[in-house]
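Please consult the sequence and the structure while reading.

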Amino acid sequence: MNEYVLGVDLGTSAVKVSAMNRDGEIVAQQSYDYPLSQPHPGYSEQNPEEWVSGTTVAIVQLILEDHIKPEEISGISFSGQMHGLVLLDENNQVLRPAILWNDTRTSKQRAEIEEKLGDKFVETTKNRPLEGFTLPKLLWFKENEPNIWAKAKTFVLPKDYVRYRMTGQIAMDYSDATGTVLIDVKKGDWSKAICEAFDIPVSMCPPLMRSIDSAGTISESYALFSGLDTHTEVFGGAADNAAGAVGAGILSPNMVLSSIGTSGVVLKYEENPNVDYHGVLQFEYHAIPDSFYSMGVTLAAGYSLNWFKRTFAQDVSFNDMVASAGDSTVGANGLIYTPYIVGERAPYADADIRGSFIGVDGTHQKRDFVRAVLEGIIFSFKDIMDIYDEHDKDFDTVVAIGGGAKSALWLQIQADIFNKKVVSLTNEQGPGMGAAMIAAVGLGWFKDFQECAEKFVHFGKEYLPNPENAKKHDQLHKIYGQVYNQTKDLSHQLLDYRRENDK
């Protein structure tokens with residue numbers, strides 16, 4: 001009999017479910033899109049029932065259309081969008097739409113956390129209290145929807161709610177729990193001190209579990225709903241970045257992930273919970289037991305390129321636009337782009353900074369602007385990698401995934417700017433691959449993630465830095481690094497002007 005695991009990748013706009021066999025081969029995939037609600041500027045919400053329905057439809061399609069037999073599905077695990085807040089009542093019923101990671105309504109609550117706890121908060125959680133995190137959302141509910149808050153008995157994150165609906169068991173894995181910024185990272189438990197400081201009952205915090213721990217088997221009710229078999233075991237799963245790191249083979253300290261989606265992520269495997277990035281980088285539990293990862297986020301990575309194409313290059317294909325940068329030069333003929341068009345997170349954590357092109361003159365052509373955008377995004381990643389250098393975090397390999405791994409030119413630009421070996425994946429599946437690997441390890445198919453990766457993760461071509469280009473990029477990055485401090489006051493003033501005149 002064939003035997004499969006399902007990796008459920010629960011994203012912001014869609015869920016994708018992948019069926020994989022013991023050899024790490026994808027035998028079938030199904031996906032389902034669901035809507036995003038933005039009732040007010042800065043608000044971002046979803047109905048948790050959409051996640052359950054979408055996941056179930058994808059599973060039913062695997063069974064009916066791809067002929068995956070329910071008895072062949074041994075395990076299921078998850079990758080989930082981080083930070084989203086689902087409030088449940090005493091009967092575990094959803095009280096209102098979930099507030100998502102990209103919701104920015106909580107600036108007041110974020111400031112309250114910083115004012116009340118200051119450096120103590122960063123020492124405990126290893127993170128700053130950014131607007132997108134879960135704790136500021138809880139405080140927003142207390143202040144703005146007291147009737148809902150009075151009924152709330154517990155909270156979970158998106159994938160945890162789907163897992164609950166499959167098994168009937170409430171829990172949260174450590175990798176997602178650190179993203180709530182309610183975890184004492186050194187103690188590995190919910191922080192009673194933070195809960196008490198903001199009058200949040202510790203009883204609201206769900207039980208904690210490891211990513212590879214079993215949450216039980218498919219319940220009879222969900223089996224009737226989905227067509228799954230009640231013997232199928234369901235595992236904790238992980239936050240999307242942790243699952244993505246597993247799926248990309250980031251399983252040792254010598255490797256760093258360079259991920260370009262709408263936003264961009266630089267992520268590093270960490271063994272030591274005592275490392276202190278002072279909250280400049282996020283620090284989270286990994287899906288790998290007793291391990292951690294740190295990461296920095298560039299808010300407008302792929303979004304910068306999409307914006308440029310939509311605004312200035314609608315007449316060419318995306319691939320042709322990117323390829324045109326090859327006709328420019330290293331350094332885009334003296335043109336630098338800063339990708340702050342929706343603010344920035346790392347290393348500046350500045351929601352009001354805005355992007356710029358620096359060095360424009362009458363000789364520049366469209367290809368130079370494209371090249372500047374490609375380089376500027378990677379310069380922003382280099383800012384994050386420089387923090388690792390400052391903390392003596394040596395690494396020799398960068399694994400590129402997402403949009404930055406689809407262009408040989410962009411891969412070489414990364415190798416030259418990072419001055420490191422860059423590799424891509426031949427079977428890139430992102431967080432969904434990591435979710436499937438969690439289930440495979442949880443089932444005991446493999447003794448650990450390293451052994452699993454030998455079957456599931458396949459690296460492609462290596463790109464080595466060109467020494468001459470690396471030297472030029474180092475000079476340019478030093479100039480790039482001055483732009484933020486030189487322009488932030490003007491940028492903030494211009495944004496204030498726009499807000500005032502948009503009223």
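## Secondary structure and overall form

The secondary structure of the chain comprises 17 helices and 24 strands; helices (H or I, at least four residues) and strands (E, at least two) are DSSP runs, numbered from the N terminus. This is a predicted model, in which local features need pLDDT of at least 70 and side-chain atom pairs count only at pLDDT 80 or more, while totals for chains, interfaces and linings use all residues. Residues are numbered from 1 along each chain as its sequence is written, and side-chain values use heavy atoms, with hydrogens and water left out.

The radius of gyration of the chain is 23 Å, which agrees with the value near 23 Å of a compact globule of 503 residues. This radius is taken over C-alpha atoms, and the globule rule is 2.2 Å times the number of residues to the power 0.38. Along its principal axes, the C-alpha trace spans about 70 × 55 × 45 Å. Of the 503 residues, 57% count as buried; buried means under 20% relative accessible area, exposed over 50%, and partly exposed in between (1.4 Å probe, protein chains only). Among the contacts (heavy atoms within 4.5 Å) with a separation of 6 or more, 72% join residues 24 or more positions apart.

## An enclosed helix

Helix H4 covers residues 134-144 and is largely enclosed by the rest of the structure, because eight of its eleven residues are buried. These buried residues are Thr 134, Leu 135, Pro 136, Lys 137, Leu 138, Leu 139, Trp 140 and Phe 141.

The loop between helix H3 (119-125) and H4 contains Lys 126. Lys 126 is not a glycine, yet its phi is positive, at about 65°. With 7% relative accessibility, Lys 126 counts as buried.

## Two crossing helices

Helix H13 (residues 366-390) packs with helix H17 (residues 467-501) at an angle of about 80°, and their axes are 10 Å apart. Axes are lines fitted to C-alpha atoms, for helices over the stretch in contact, and angles run from 0 to 180 degrees between N-to-C directions. H13 and H17 are therefore roughly perpendicular to each other, a term that applies from 65 to 115 degrees; angles under 35 count as roughly parallel, over 145 as roughly antiparallel and the rest as oblique.

On the H13 side, the contact is made by Arg 371, Glu 375, Gly 376, Phe 379, Ser 380, Lys 382, Asp 383 and Asp 386, and on the H17 side by His 473, Leu 476, His 477 and Tyr 480. The residues of this contact comprise three nonpolar, four polar and five charged. Here Ala, Val, Leu, Ile, Met, Phe, Trp, Tyr, Cys and Pro count as nonpolar, Asp, Glu, Lys and Arg as charged, and the others, Gly among them, as polar.

## Two serines

Ser 18 lies in strand E2 (residues 14-20) and is buried, with a relative accessible area of 3%. Residues up to four places away in sequence aside, Ser 18 touches Val 5, Leu 6, Gly 7, Ala 28 and Gln 29.

Ser 13 is located in the loop between strand E1 (4-10) and E2, and at 51% relative accessibility it counts as exposed. Not counting residues up to four places away in sequence, Ser 13 touches Asp 33 and Tyr 34.

## A cis peptide bond

The peptide bond from Ala 346 to Pro 347 is cis, with omega near 5°. Pro 347 belongs to the loop between strand E20 (336-338) and strand E21 (356-358).
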